Amino acid sequence: MEQLMLFPDMAVPDARAPETITWNLWHGCTKVSPGCQHCYMYRRDESIGKNPAVVQKTQAFPLPTMKLRSGPFKGKYKVPSGSLIYTCFSSDFFHPDADEWRPDAWRMIRERSDCSFFMITKRPERIMQHLPPDWNDGWDHVTIAVTCENQWAADRRLPLYLSLPIRHHSIMIEPMLSQVNLRPYFSAHRSGSGRCLIESVSVGGESGPDARPCDYAWVMDVRSQCIQNAVAFSYHQTGARLIKDGREYHIPREQQHSQAHKAHLDIQGTSLLDTIPAE
Ligand code: SF4
């Protein structure tokens, strides 16, 4: 039957509040460095008999561009405008086994320039070759962060990462496995106005039954480096084993985030990092 067009649909203003969501567009990964040793995704997949090393596209792949089929906001995107979208928390956005799907992912990220995207990689050497053709000097709504779990990873990843055309650079030191000296990278990579290219640093200990300890003194040292260089800092979680003043504390999983926040170490500009979802 032909659809009756007697009265046109009245546009309903989209008054939905922005959300913070996780977009795991592919799942599975392979280990590349010591930070991967007790990967949460590996633990979880192995516990249900799944092979975590197989990278597979997920059903959530089209999430950012999916539209509502009914209700007052029918035809609008499911993810409200202004939302913060954490990308690829059960894989690595730049994993080689996802090369075939990444152009489509970039197309969706481009289409949703009204949202912010935050992705974390341990493979900065693959970023440049796998950016979209119109990336130029970066997209303002995309932060690409790199993980530096220890000094070795920082020295191996940061020189290249900080030379890449990315609008928003961020460092994750999680799981923190050693003291990390970022001073040379803060000093050497600054904008014309003198601001550090690194906008924010987030630090956290390791969780899980085999967690390696994190020394609170390492956390405080990175925090002080950030303060000296006017870089935002966030203490994301304590991890399961925290050494403080020479004593080791075993912290239950459900208190690892709350205990870190109780330390009140976060410094200005960390609102984005503070919203990273818990594992
Ligand atoms: S890169 Fe991340 S997701 Fe991949 S194995 Fe390492 S910790 Fe796990």
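Me: How many residues of domain 1 are in contact with how many residues of domain 2?
Reply: This is a predicted model, in which local features need pLDDT of at least 70 and side-chain atom pairs count only at pLDDT 80 or more, while totals for chains, interfaces and linings use all residues. Residues are numbered from 1 along each chain as its sequence is written. The domain assignment, which is automatic or taken from a database, gives domain 1 as 19-28 + 37-143 and domain 2 as 148-274. With contact taken as two C-beta atoms, placed from the backbone, within 7 Å, the count is 16 residues of domain 1 and 14 residues of domain 2.

Me: Which elements give two or more residues to the side of domain 1 that touches domain 2?
Reply: Elements here are DSSP runs numbered from the N terminus, with helices being H or I of at least four residues and strands being E of at least two. On the side of domain 1 that touches domain 2, the residues divide into 8 nonpolar, 4 polar and 4 charged, where Ala, Val, Leu, Ile, Met, Phe, Trp, Tyr, Cys and Pro count as nonpolar, Asp, Glu, Lys and Arg as charged, and the others, Gly among them, as polar. The elements that give two or more residues to this side are α1 (40-47) and β6.

Me: Against which elements do the buried residues of α3 pack?
Reply: A residue is buried if 20 or more other C-beta atoms, placed from the backbone, lie within 10 Å of its own, exposed if 12 or fewer, and partly exposed in between. In helix α3 (residues 151-161), Ala 153, Ala 154, Arg 157, Leu 158 and Tyr 161 are buried. Because they cover an arc of only 100 degrees around the axis, they are on the same side of α3, the arc being that of the directions from the helix axis to the C-beta atoms. The buried residues of α3 pack against β6 (142-147) and α4 (183-188).

Me: Is Cys 88 buried or exposed?
Reply: Cys 88 is found in the loop between β4 (84-87) and α2 (102-111), and has a positive phi of about 65 degrees although it is not a glycine. Because Cys 88 has 23 C-beta neighbours inside 10 Å, it counts as buried.

Me: Is Asp 245 buried or exposed?
Reply: Asp 245 is in the loop between β11 (241-244) and β12 (247-250), with a positive phi near 50 degrees in a residue other than glycine. Because Asp 245 has 6 C-beta neighbours inside 10 Å, it counts as exposed.
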